[in-house]
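Here are my notes on the model, written so that you can follow along on screen. Have a look at it before you read on.

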Amino acid sequence: MNSEKVVDAKGLACPMPIVRTKKAMDELESGQILEVHTTDKGSKNDLTAWAKSGGHELLKTEEKDNVFKFWIKKG
């Protein structure tokens, strides 16, 4: 999946993945896609809830080699 920007939040604990995601999302225009990489297991729930509360759409998630990847479309 193509994304306009990638956030590398691997190795960071809550709430830093959300902080970095929000900052990057602020730089995108509506409809653009942000890709987020984290190693924090809580990120799945955190980013899902954050996207929903912010009016964004979580398009896809995947986990590979203990890295969680998220694709979020800006609302």
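1. Some ground rules. This is a predicted model, where local features need pLDDT of at least 70 and side-chain atom pairs count only at pLDDT 80 or more, while totals for chains, interfaces and linings use all residues. Residues are numbered from 1 along each chain as its sequence is written, and side-chain values use heavy atoms, leaving out hydrogens and water.

2. Now try α2. Its buried residues are Ser43, Leu47, Trp50 and Ala51. They share the same side of α2, because their arc around the axis is only 100 degrees. Exposed Asn45, Lys52 and Ser53 are on the face turned away from that side. The partners of the buried residues are α1, β2 and β4.

3. What does the largest nonpolar core look like? It has 14 residues, and Leu34, Val36 and Ile72 have the most contacts inside it (such a core is a set of buried Ala, Val, Leu, Ile, Met, Phe, Trp, Tyr and Cys residues joined through side-chain atoms within 4.5 Å). At least two of its residues come from each of β1, α1, β2, α2 and β4. Leucine 34, leaving aside neighbours within four places in sequence, is in contact with residues including Val7, Met25, Phe70 and Ile72 (contact means heavy atoms within 4.5 Å).

4. Glutamate 35 deserves a look. It belongs to strand β2, residues 33-38. This glutamate is buried yet has no salt bridge, and the nearest side chain of opposite charge, lysine 69, is 5.1 Å away (Lys and Arg count as positive, Asp and Glu as negative, with His and the chain ends not counted). The side chain of glutamate 35 does make a polar contact of 3.0 Å with the side chain of serine 3 (a pair of N or O atoms within 3.5 Å; within protein, one must be able to donate a hydrogen and the other to accept it, and residues adjacent in sequence count only if both atoms are side-chain atoms).

5. How many salt bridges are there? The count is four (a side-chain nitrogen of Lys or Arg within 4 Å of a carboxyl oxygen of Asp or Glu). One of them joins glutamate 27 to lysine 5, with the closest N and O atoms 2.8 Å apart. That pair links distant parts of the chain, from the loop between α1 and β2 to strand β1, 22 residues apart.

6. Last stop: glycine 75, in the segment after β4. Glycine 75 counts as exposed because its relative accessibility is 53%. Glycine 75 and histidine 56 are 19 residues apart in sequence, but 4.3 Å apart in space, C-alpha to C-alpha.

Technical notes:
Helices (H or I, at least four residues) and strands (E, at least two) are DSSP runs, numbered from the N terminus. Buried means under 20% relative accessible area, exposed over 50%, partly exposed in between (1.4 Å probe, protein chains only). The arc is that of the directions from the helix axis to the C-beta atoms.
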